Amino acid sequence: MTCNEPRLLVQAYLDHELDVSASLEMEEHVRECSVCAAEYAAGRRMRAALGDGDLYRAAPDTLRRRIRSNVGDVATNDRWRWRSLAVPLAVAALIALMVLPEVRGRGADPIDEVVAGHVRSLMVDHLTDVTSTDKHTVKPWFEGKLDFSPAVVDLADHGFPLVGGRLDYLAGHPVAALVYGRQRHFVNVFVHPDSGADGRERSLSRHGFQVIRWSQAGMIYWAVSDLNAADLGELVALIRERTG
């Protein structure tokens, strides 16, 4: 699969419209290609932004007939599998042109983005790109995928075993996401370089999730989970102790 082909299929992949074989191929490509990974993440962010409103509109019958007449029977002609993608891509582009300026104008709340990233990782079964309890496996996985090296610690001896890691995005920039477990709960710890903003530790609750933000060793950390505040605070204290 060349890069030009999967870039056209990102929207279909987001919509779960690909068959099993194509979905697996796309999943592998998105993990390896930063360009397609960025487009996939942008699509997920747009879906999250659109999810708050009732923007669905049924297509008029006249439009349905025109599409059918132009596309024909896609099931009997394999070459139309590619051309038929123009319809959802065009609709997505139209929605983006209408909606994204408004979203940008409001300004994205980084706390909401952190919570949304945590929820997406649980909903789309994409908790980890590299699954391992060994920090010596997880940390090297990020090499070449990010322009920084996140500190990775294993806290299994304190009841927070390392689950793995993945590449994610906050405010349009790639970040490392480290995943820890606590009984039946998961904690996402997002890590990215410190931009010079206020790095004092902040604890808050948003949409039923606990979030703790802090700065350390030139990095900004965001820990988010549905754990209670005390347990999440314990995890943060352990990370700060072992990465300080």
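**Side-chain contacts: salt bridges and rings**

Asp-112 and Arg-206 join through their side chains in a salt bridge, with N and O 2.9 Å apart. Asp-112 belongs to helix α7 (residues 110-123) and Arg-206 to strand β5 (residues 202-206), so this pair ties together parts that are 94 residues apart in sequence. In this predicted model, Asp-112 is partly exposed at 30% relative accessible area, and Arg-206 is partly exposed as well, at 22%.

The structure holds eight salt bridges. One of them brings Arg-182 together with Glu-234, the closest N and O atoms being 3.6 Å apart. This pair links distant parts of the chain, with Arg-182 in strand β3 (residues 173-182) and Glu-234 in helix α9 (residues 229-243), 52 residues apart. Arg-182 counts as buried because its relative accessibility of 14% is under 20%, whereas Glu-234 is partly exposed at 32%. The charged end of Arg-182 also sits over the ring of Phe-160, 4.1 Å from the ring centre.

A further salt bridge connects the side chains of Arg-166 and Asp-168 (3.0 Å, N to O). Arg-166 is buried at 1% relative accessibility, and Asp-168 is buried at 2%. Elsewhere, a network of salt bridges links Glu-27, Arg-31 and Asp-129.

Turning to the rings, there are two aromatic pairs. Trp-141 and Phe-142 pair edge-to-face, at 5.1 Å centre to centre and 85 degrees between the planes. Trp-214 and Tyr-221 have ring centres 4.8 Å apart and planes at 5 degrees, so they are stacked. Both Trp-214 and Tyr-221 are buried. Trp-141 is buried at 17% relative accessible area, and the charged end of Lys-145 sits over its ring, 4.4 Å from the centre.

Notes:
Residues numbered from 1 in each chain as written. Predicted model: local features only at pLDDT ≥ 70, side-chain atom pairs only at ≥ 80, totals over all residues. Heavy atoms only, no water. Phe/Tyr/Trp six-rings, centres within 6.5 Å; stacked < 30°, edge-to-face > 60°. Buried < 20%, exposed > 50% of the residue type's maximum accessible area, 1.4 Å probe, protein only. Lys NZ or Arg CZ within 6 Å of the ring centre and 35° of its normal. Salt bridge = Lys/Arg side-chain N within 4 Å of Asp/Glu carboxyl O. Helix = DSSP H or I, 4+ residues; strand = E, 2+ residues; numbered from the N terminus.
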